[in-house]
Each structure stands twice: as structure tokens, then as C-alpha cells.
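The sequence and structure come first.

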Amino acid sequence: KESLKAIEDERAQWQKDLAPEQYQLRISQKPVNIAEAFAYRQEAIFPQNLIARQMKKIEEKEYPYEFIKLERDQTGIVAKRTKKLPISHFPVKKKMEDKTGSIVVWERPVENPDFGTYYASIDPVSEGKTTTSDSLCSIFVYKNPVEITRETADGQETFIEKDKLVASWCGRFDDINKTHERLELIIEWYKAWTIVENNISLFIQHMIVYQEYGWKNTGTLFKSHLISYALEYIREVIDEEVDDNGEVIKQTFGIDRIPDPMLLTEMSQYYPGLNVDRLVAFSALVAFAKVQQSNRGYLKRRERDKSSNNLDNSKNLYKLSMNPFKNIGRNKRMSGNKKFKKSPFKNIK
């Protein structure tokens, strides 16, 4: 224990004195475990402090989920809970026999969603059964923010139901047609507008569309462009608390919208050249959603509130005075027993 404490103190000084890349190199040269000895020695691309904090929230069960199996019958798509677990190793073992995993659902689709309510992104695979590759098929489903105008007993309230990841699946079947069928069921269940990497065109052909559809992961497109969308998404300040003097005392970052621990694992370990199927699908999804929100805005819905509950009590709803994509609010911490108050959003684009 004393030795580890001495190492921690030494590293704290290194962190002050050394550049990030030199700091990572020094740790790999004086490791305390095998992982540190073989870790990527350059500066981490994704913010490790935010990832660690979000992983802790997930471990503390702040994001309820279901493991789901989708089937089709004469009535349509049926969702059933399953005891089968999702793949939780990264990288996945190449000789792992069953790589099918299960669909993880944090929120089921709303009934009869309007077009543009859900977006999805797929990083496909080119074959079925393999013991020579750790590549998996990956899909994420994202729910667009929705501006809601609600008629209440006190008058009209306008707020934004924030954006979120609602489902994911990462895996593959020995029969590639079954992999495609699972992707199709997920897309149809959410009625999600979907973007697909078309370097591997088999899934696009399965959906009976032309090969020019989709995006082509060539050159440095992912490393130089799509990664930046993912970074912006997780670093975005989506909420703030301020004190009586207006000083910021707490910030909530966009990474709070990511409930998938395996996606966070890929982020924490990523370096250029590493096979990261989930991260590819997620980065393309964020870029796709950002472009569509810039061009089309987000959905609007009017509804009548039949309850007397105060809207401010819902952690999912954010007051607004305009229509930002960022959904950034400010909470003011008051003295005594008074509750936090929200003020108008800032950084409106």
C-alpha cells in the first residue's frame, strides 16, 4: 500500500511537469499492472475524466435498460425480454463461439413516431461465422429532441424533451442473413432514418437499395472528421448550476446522454488504427443527426397536460425561450430550502 501511494504521488508530480504524451509514456515504462504496460502511449483522444465519471453513473444503475429480442408475427414486430446478455468484452475474442449478443434498450419506441423522431447508424460486417476477426456489426438508435408545447391549468408551457440514445446492438450471427434481419427489425421497430457505412454493401443490398446510398469510410474520414462530431457531442455543456452570484458551480456534459458502457470502453481505449465498431457507428450517427438537425430542425408536438405536476420536476424536460439544438439550461442554487430555478438557455445557434 505504501509503495502504491508513493507511485501515485510520483505520478501526480509527473502530470504537473510533463506533456500528456510524455506522461503516458512514463506510466507505460513504470506500470503497476499489465494493462498500463501495453496501453497506447500517446495522449488519449477522448476525455478520460468524463468517461470514468459516466462509467461510474452506469455502474450505479442510473440508466435503466432491458435486454430485448425482436420477432415478427402476423401483427408486426414483437419485443420480448431475454436473459441473453450483450457482448461485454472489448476487443471481443476472435474464437468466441456465440457472438450474437442481445439488443440493449434504454427506451422503447413511442407509438406511431413521426418521421425524423429516430435516427440510426450501422457499422456492418462482410461475413457470417469467423474465428479470425474481432469485427462486429454495430447499430445505435438515437431519439431526436422534441419541442413540446403543453396546455396546462396555468397557461401554455414550452419545453424540450432532450435527445438520447435509446437502443444498441453489437454482434454478429454465423448466418449473415440473420445479422441483416436483426438490423432490419431494429430499424423497423423504431422507424428510424438510418445511415449505413457502405464500404461493405451487403446490408444495403439486403434492404434493396442502390450501392451509392450510405457513407464510405475511406482515407481519414473517420479519424479526421467523424471523431470530431463524437468529441463535440460528449464535451457539450447541456446544463449548468450557478450560485447566487451567477458563478457556475456545476456543469453537466453531453456524455451524460450515453448509457452504453461498451461504447465508453471503446472511447477510453481508442487510438488510430484500433478496430472500434461501436465508435464508428456512434460517430457517424452523431454527425448524421447534427446535419439533419441543422437542415430540418427538430420535431414539435402539442399536448394537453391533464395532471397538476410541475414540469420542472421532470429531469427529462428543459425549459426554453428559443429553439437551440444544444438544450443548455442554467440552474441557480438558492439559499435556505428553496428549489433550483432554471433560466433561459445560452449558446443558442
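Which residues are linked with Glu107 in a network of salt bridges? The network consists of Glu107, Lys143, Glu161 and Lys164.

## Basis

The model is predicted: local features need pLDDT of at least 70, side-chain atom pairs count only at pLDDT 80 or more, and totals for chains, interfaces and linings use all residues. Residues are numbered from 1 along each chain as its sequence is written, and side-chain values use heavy atoms, with hydrogens and water left out.

## Salt bridges

A salt bridge here is a side-chain nitrogen of Lys or Arg within 4 Å of a carboxyl oxygen of Asp or Glu. The whole structure holds 17 of these. Helices (H or I, at least four residues) and strands (E, at least two) are DSSP runs, numbered from the N terminus.

Lys164 is buried at 16% relative accessible area, while Glu107 is partly exposed at 22%.

Arg278 and Glu266 also meet in a salt bridge, at 2.8 Å from N to O. Arg278 lies in helix H9 and Glu266 in helix H8, twelve residues apart. Arg278 counts as buried because its relative accessibility is 4%; Glu266 is buried too, at 1%. In the salt bridge of Lys80 with Glu71, the closest N and O atoms are 3.1 Å apart. Here Lys80 is partly exposed at 41%, and Glu71 is partly exposed at 28%.

## Nonpolar cores

A nonpolar core is a set of buried Ala, Val, Leu, Ile, Met, Phe, Trp, Tyr and Cys residues joined through side-chain atoms within 4.5 Å. The largest one has 39 residues, of which Phe46, Ile258, Met267, Leu279 and Phe282 touch the most other members. At least two residues of this core come from each of helix H4 (48–59), strand E5 (137–143), helix H7 (221–235), helix H8 (261–269) and helix H9 (277–296). H9 gives the most, with ten residues.

Contact means heavy atoms within 4.5 Å. Leaving out residues up to four places away in sequence, Phe46 touches Ile51, Ile227, Ala230, Leu231, Ile234, Met267, Tyr270 and Leu279. Another core, of 24 residues, lies apart from the largest one and includes Ala120, Ile122, Leu185 and Ile187.

The expected span of a helix is 1.5 Å times one less than its number of residues. H7, with 15 residues, reaches 21 Å from its first C-alpha to its last, close to the 21 Å expected. A kink of about 35° is centred on Ile227, where the bend at a residue is the angle between axes fitted to the seven residues ending there and the seven starting there. Phe222, Leu226, Ile227, Ala230, Leu231, Tyr233 and Ile234 are the buried residues of H7. They pack against H4, E5, strand E11 (248–253), H8 and H9.

The 20 residues of H9 should span 28 Å, and the end C-alpha atoms are 28 Å apart, which agrees. Because 16 of those 20 residues are buried, H9 is largely enclosed by the rest of the structure. Just after H9, Gly297 takes a positive phi of about 70°.

## Arg11 in helix H1

Arg11 is located in helix H1 (residues 2–17). At 12% relative accessibility, Arg11 is buried. Beyond its neighbours within four places in sequence, Arg11 contacts Tyr23, Ile27, Lys30, Pro31, Val32 and Glu36.

## Cysteines

A disulfide requires a pair of cysteine sulfur atoms within 2.5 Å, and by this rule the count is zero. The cysteine sulfur closest to that of Cys137 belongs to Cys170 and is 7.6 Å away, too far for a bond. Cys137 is buried, with a relative accessible area of 1%. Cys170 is buried as well, at 10%.

Technical notes: Buried < 20%, exposed > 50% of the residue type's maximum accessible area, 1.4 Å probe, protein only.
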